[in-house]
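Trainee: Please show me the model, and then let us go through it by question and answer.

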Amino acid sequence: MHRHTPAAAAPVTLLESILESVPVGCALLDGDLRLTRVNAALAALTGRSGWELLGVPVTEVFSGLSADTPGMCRRVMRTRTPVLGMFAAAGGRALRVDCHPLPETEGLPDGLWIVVSDTTAHHELDASEARYRSVVASMAEGVILVDAEGWITACNASAERILRVDREALVGTRLGDARWKAVREDGTPAPPDELPAVDTLRTGRAHDDVVRGLRAGDGRMVWLSLNSQPLRAPGEGGAQGVALSFTDVTERRTAERLASAEMRLLEMVAAETPLEAVLRRLALLVEDHCRGAVCGVMRVSEDGSLLHPLAGPSLPAEYLAAIDGATVGARAGSCGTAVHRREPVYVVDIAADPLWAAFAGLALSHGLHACWSAPVLASDGSVAATIALYFSEPRAPSDADIRVVELAVSIARLAIERERAREALRESERQRVDVLARMLRAEDEERARIAADLHDDTIQVLAGSLISIDRVLRAARASGTGVPTALTDARVLLSSTLDRTRRLMFEIRPPLLESHGLGHAVGELLDQARRDMGIQVAVTIDVARLSPSTESLVYRTVQELVANARKHARATRLEVSLRSAGGRLEGRVRDDGTGFDIARARDRSVMRLHLGLEAVSERLRLAGGDFSIESRPGEGTTARFGLPIS
Ligand SMILES: Nc1ncnc2c1ncn2[C@@H]1O[C@H](COP(=O)(O)OP(=O)(O)OP(=O)(O)O)[C@@H](O)[C@H]1O
Ligand SMILES: [Mg+2]
């Protein structure tokens, strides 16, 4: 009897006869995944006869194939990439099924061929393995199994979820596939050889907690903590494959990066970095942590009615210029409305949102389609600024986005408050300097008035009196009485009073200071000391002309220090130096006299009427300068002072 048993019974080609003789099961599958040729070994493995298997879909021949097997087979046909190591069972055996594309030969129908080997010895599909598999399947960790050649043979559901790919797109590809674009923790590319599982396969070494970034199936970067373990079959030496397990640490990493970026910004704030530089950096931080965002910070005008850009490093300059002076109001785009409402406004689609009705054209013309804005409330309750995030497509914020915005608001608040405090300090400093200048000016005017009075009045009267006495003296001499002696005494007294009054006039308002500056005035002061006391003097003065109030302050300071040396020191040498460097004037007055106990001189209870040094140091301090004095009894005295000059 002739029975038609198409392929199994009638090997027609050399290839088929070889296939008949190999010990592994082989079958050809057509485009519908039905078996069209079957060799004897496969029939034996499945426990069915060859002809019984013909025309039967592969999924019915084997049990235990994963549910996505048809999809996977079709992918083999489409991509012409084999999928190796699928697990299956038939006839009570554990089988390994490798799925290969058919050679691309003209006229050959669509299909593939499978190679089936008996792995019962290795993979006893007993109850414990089944349990093990179900544990792996339900693990939150992603698990990928890799065979000895580096092909991915299996993965669990978590691996699909974490990598955002289907099992089908993963199994049958090679580990270290370039599409993952792996990067190291510092963001530099990680060559495939450096992936822990690839290394484990090569060296047999396990790896633990290696952090790598991968480009997930949806194009986003995921950060993984990877562990890899070599798989060794009992009794066999080398690694038969690798089990790669991993957890998604993207959120943890993002939080860490955010925290360190926050820290860097707070350091900038603490270091008194100018507000605009801090806000520029803040905008970049926001852009770095909210995918696709372009960030701007707007200042609210003092009366709370207008907005002015403070920072927007990635926003078009033209757009920033156009929104400068934008108004605050109930329907004033995202920023104006956020300031008006004193709460964040998330406009998901600028084109459709009524808040943007009046301004949408401007934003859309710059490719801006969504805008979220969060106001920055200052401690006095006013809205100081608002932080805006723009997107090139309509977009609603995620929880993570909102966290970034909140963080940005709190940093901006801190930076703005610090800036305000600094500004208040600058203002009070300006006022103090102003008051001091006015005080010194008033003092100088008063001195000028007294000097003028002395000159115009007292000195004239004294000089007039001298002339009268001279006249009386001549008359008395002629009459030859004893009057001349008394008159001569009176004349000497009056003459020395005139001298002292003249000197007082010059001390009160040295005309040289006004006309020729510190160099001449201080030179004259020291010359006077040399003449009066017979001591050596050395004067080094290297300063240009300064403002009248500063010159006056410096002169008064030197004057008091020189006066002290003259009065108290019994010095043989007196040195004065004035130098300007780096926007400061540095002065020094040194004598080689008796020296004194500074602590005692400062003690108000004993030195109540001695105000010279205290007044000097207070005046310098008021002008933003400093004063110090070094002295020890018997060792002379050195006074130093510094003063900002502009
Ligand atoms: N160059 C100096 N050598 C020695 N002793 C000094 C010197 N300068 C100051 N002293 C001591 O310090 C004290 C305080 O000086 P300060 O200039 O404050 O007051 P005064 O000169 O005594 O009085 P005033 O300056 O108010 O006229 C002096 O009384 C003196 O004992
Ligand atoms: Mg004094």
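Trainee: Which residues lie nearest the centre of the second largest pocket?

Mentor: This is a predicted model, in which local features need pLDDT of at least 70, side-chain atom pairs count only at pLDDT 80 or more, and totals for chains, interfaces and linings use all residues. Residues are numbered from 1 along each chain as its sequence is written, chains are lettered from A and ligands numbered from 1 in the order in which they are written, and side-chain values use heavy atoms, with hydrogens and water left out. On a 1 Å grid over the protein atoms alone, a pocket is an open set of points where a 1.4 Å probe fits, with protein on both sides within 12 Å along at least five of seven lines, and lining residues have an atom within 4 Å of a point. The lining here has 27 residues, and those nearest the centre are Arg 220, Met 221, Thr 250, Thr 254 and His 289.

Trainee: Which element gives the most to the lining of the second largest pocket?

Mentor: Helices (H or I, at least four residues) and strands (E, at least two) are DSSP runs, numbered from the N terminus. Two or more lining residues come from each of β9 (221–231), α11 (250–270), α12 (275–289) and α16 (399–479). With seven residues, the element that gives the most is α11.

Trainee: Between which domains does the second largest pocket lie, and why?

Mentor: Domain bounds come from an automatic or database domain assignment. Both domains in question give residues to the lining, so the pocket lies between domain 2 (128–248) and domain 3 (258–425).

Trainee: Is Leu 33 buried or exposed?

Mentor: Leu 33 is found in the loop between β1 (25–30) and β2 (35–38), and its phi is near 65 degrees, a positive value in a residue other than glycine. Buried means under 20% relative accessible area, exposed over 50%, and partly exposed in between (1.4 Å probe, protein chains only). The relative accessible area of Leu 33 is 6%, so Leu 33 is buried.

Trainee: Is Lys 181 buried or exposed?

Mentor: Lys 181 is found in the loop between α9 (167–170) and α10 (196–203). Its phi is near 45 degrees, again positive in a residue other than glycine. Relative accessibility is 55%, so Lys 181 counts as exposed.

Trainee: What are the protein donors of the magnesium ion (ligand 2)?

Mentor: Donors are N, O and S atoms within 2.8 Å of the metal (3.2 Å for Na, K and Ca), and water is not among the atoms, so sites may look incomplete. Both residues concerned lie in helix α20 (residues 548–569), four residues apart, about one turn of the helix. Lying 2.0 Å from the ion, the donors are Glu 560 (OE) and Asn 564 (OD1).

Trainee: How are the rings of Trp 372 and Phe 391 set, stacked or tilted?

Mentor: Rings of Phe, Tyr and Trp (its six-membered ring) pair if their centres lie within 6.5 Å; planes under 30 degrees apart count as stacked, over 60 as edge-to-face and the rest as tilted. The structure holds four aromatic pairs; in one of them, Trp 356 and Phe 359 have ring centres 6.4 Å apart and planes at 90 degrees, so that pair is edge-to-face. For Trp 372 and Phe 391 the centres are 4.3 Å apart and the planes at 40 degrees, so the pair is tilted.

Trainee: Which residues do ring pairs link into a cluster?

Mentor: Trp 372 lies in strand β15 (residues 370–377) and Phe 391 in strand β16 (residues 383–391), so their pair ties together parts 19 residues apart in sequence. Trp 372 counts as buried at 1% relative accessibility, and Phe 391 is buried at 2%. The cluster consists of Tyr 346, Trp 372 and Phe 391.
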